[in-house]
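Here is a walk through a two-chain model, chain by chain and then feature by feature. Keep the viewer open as you read.

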Amino acid sequence: MSSVGVRPCGDRALMLELADNAAAVRVAARLREERPDLVDVVPGHRSVLVTWAGARAPTGLDELAGEAVADTRVPEGREVELAVTYDGPDLDEVAGLTGLSPEEVVARHRAAEYVAGFLGFAPGFAYLFGLDERLVVPRRSEPRTRVPGGTVAIAGPYSGVYPRESPGGWRLVGRTDAVLFDAGRDRPALLVAGDRVRFR
Amino acid sequence: MIEVVDPGPLATVQDHGRPGLAHLGVSGSGAADRRALDRGNSLVGNAAGAAALECTLAGPRLRFLAPAVVALTGVEERGPFEAKAGDQLDIGSYARGVRLYVCVRGGIDVEPVLGSRSADLMSGIGPPPVRAGDVLRIGNQTGAPAEPEPYGIPAEPRLRVSPGPRADWFVAGALGALAASQWRVRPDSNRVGIRLDGPPLRWAREGELESEGVVAGALQVPPSGLPILLGADHPTTGGYPVLAVVAADDLWLAGQLRPGDIVRFAARDFSC
């Protein structure tokens, strides 16, 4: 019995399906470490997309992924603390949607321990898992055309920080001065999949 | 050095892009028509992947401030020829296709970002689009050029596709409908995605797909049923199901689809 599903994705990629995000993060880390023949290894919510160059498809990926899933050692994600000012324009709306007071929304958002599950949407934008269940709210029906860089936001089961000004449909709860993405740094993305994150 | 007199509607510097960084949210980017870029670089004696000017829909008008060896590829082919200082290049609108590549021996020299000189219009990484009055430096990205591959934009573009990771999100026969229909390229298409009009491809289920990695060439289908063919500057993850994926060898032609064009898809392998 394999816990890894394989789905087609054209002639230069395939999609591995995993049971949960933790497995996806482990599998992606393992593939990136051991398979230099791959071009991209992209974790998703519960999947890992792999791509390669050239007509010959790599073999053995699902076996290696299966090993990584079974490897229960705790992965070595970094711990990152982000200082947040909780003055987002949607705090009252989130309070209304959740039946909590704005202060309680802030307290619950700050108390949770998050894990960066995957990146996407924009360079350096990490989907953070671990949001307090009471804070799960839908995205705005009308996305904003401009959300400033450094804005801390929530939507669905995720929290996240907008790396730079962009359109956005999440609910804005605060802001941080941390630079989420800088192409000139050794580590361009402040947060990568597997990192543990706290808001302070 | 080359002075940009008029870049046309959109001109960007492009090379082979930034593969391998999708896990950081950084798109592959790079020339939308890789085949035209590669041919141009071969013609002027550059190594594959030297940076060139990618022009869109019309133009450019350029003035050479120093001698250069130049080739045009994509919608029009010229050269290689030697431009003298003071020579002007004046390209109007294009008859077929949407992208012209101006390749110069040595490549266009802009500061590489994350290993590439490409402008990524989705994420703002790399140089901004070229503006009138800009002066482009010529670099020394020469090397062993590859043998130029033949090139031609067909009058009736047809892209080969194979099933995508979420073909099972769609009603039975959706892949067949994709291949049987004519699709018109919408005007709001760009380097991020090519939006297509045609008979909607219906989902067989409700709800939201959890975000997952996507590739250039993926045919992503939002609830409207109208597919978006992801281009070079696509977001690295997406939440709409991918019905099918264009063959890697045909991706260059997607980069030449022009608003209003009719495109067809040919099924490659529907067995899985």
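A residue is called buried here if 20 or more other C-beta atoms lie within 10 Å of its own, exposed if 12 or fewer, and partly exposed in between, with C-beta atoms placed from the backbone. Helices (H or I, at least four residues) and strands (E, at least two) are DSSP runs, numbered from the N terminus. Bear in mind that this is a predicted model: local features need pLDDT of at least 70, side-chain atom pairs count only at pLDDT 80 or more, and totals for chains, interfaces and linings use all residues. Residues are numbered from 1 along each chain as its sequence is written, while chains are lettered from A and ligands numbered from 1 in the order in which they are written.

**The enclosed helix in chain B**

Start with helix α1 (residues 34-44) of chain B. 11 of its 11 residues are buried, so the helix is largely enclosed by the rest of the structure. The run includes charged side chains such as B:Arg34, B:Arg35, B:Asp38 and B:Arg39, for which the classes are: Ala, Val, Leu, Ile, Met, Phe, Trp, Tyr, Cys and Pro nonpolar, Asp, Glu, Lys and Arg charged, and the others, Gly among them, polar. What covers the buried residues? Among the covering elements of chain B are β2 (10-14), β3 (52-56), β5 (68-74) and α3 (251-254). Contact, here and below, means that the C-beta atoms of two residues, placed from the backbone, lie within 7 Å. Just after α1(B), B:Gly45 takes a positive phi of about 90°.

**The two chains**

The table puts the overall values together.

| Chain | Helices and strands | Radius of gyration | Span along principal axes | Buried |
|---|---|---|---|---|
| A | four helices, 14 strands | 18 Å | about 55 × 35 × 30 Å | 48% of 200 residues |
| B | three helices, 19 strands | 19 Å | roughly 60 × 40 × 35 Å | 55% of 272 residues |

The radius of gyration is taken over C-alpha atoms, and the globule rule is 2.2 Å times the number of residues to the power 0.38. For chain A that rule puts a compact globule near 16 Å, and the 18 Å of the chain agrees. For chain B the rule gives near 19 Å, and the chain's 19 Å agrees as well. As for contacts between residues at least 6 apart in sequence, 57% of those in chain A join residues at least 24 apart. In chain B, residues 24 or more positions apart account for 77% of the contacts with a separation of 6 or more.

**Where the chains meet**

The contact between the chains takes 29 residues from chain B and 34 residues from chain A. On the chain B side, the elements that give two or more residues are β11 (158-163), β14 (212-213) and β18 (242-246). By class, that side has 16 nonpolar, 11 polar and two charged residues.

B:Ser123 sits in the loop between β9 (108-109) and β10 (135-138) of chain B. Which residues does B:Ser123 touch, leaving aside its neighbours within four places in sequence? They are A:Ala122, A:Pro123, B:Val26 and B:Ser27. B:Ser123 is buried, with 25 other C-beta atoms within 10 Å.

**A helix pair in chain A**

Over in chain A, helix α1 (residues 21-34) packs against helix α2 (residues 61-70) at an angle of about 125°, with their axes 9 Å apart. Axes are lines fitted to C-alpha atoms, for helices over the stretch in contact, and angles run from 0 to 180 degrees between N-to-C directions. The contact is made by A:Ala23, A:Arg26, A:Val27, A:Arg30, A:Leu31 and A:Glu34 of α1(A) and by A:Leu61, A:Leu64, A:Ala65, A:Ala68 and A:Val69 of α2(A). By class, that comes to eight nonpolar, no polar and three charged residues.

Most residues other than glycine have a negative phi, and most peptide bonds are trans. Now for some exceptions. A cis peptide bond joins B:Gly59 and B:Pro60, with omega about 15°; B:Pro60 lies in the loop between β3 and β4 (61-64) of chain B. The bond from B:Gly79 to B:Pro80 is also cis, with omega near 15°, and B:Pro80 is in strand β6 of chain B.

A:Phe121 has a positive phi, near 75°. This residue is in the loop between β7 (114-119) and β8 (126-129) of chain A, and it is buried, with 23 other C-beta atoms within 10 Å. B:Ser29 has a positive phi near 50° and lies in the loop between β2 and α1 of chain B. With 30 C-beta neighbours inside 10 Å, B:Ser29 counts as buried.
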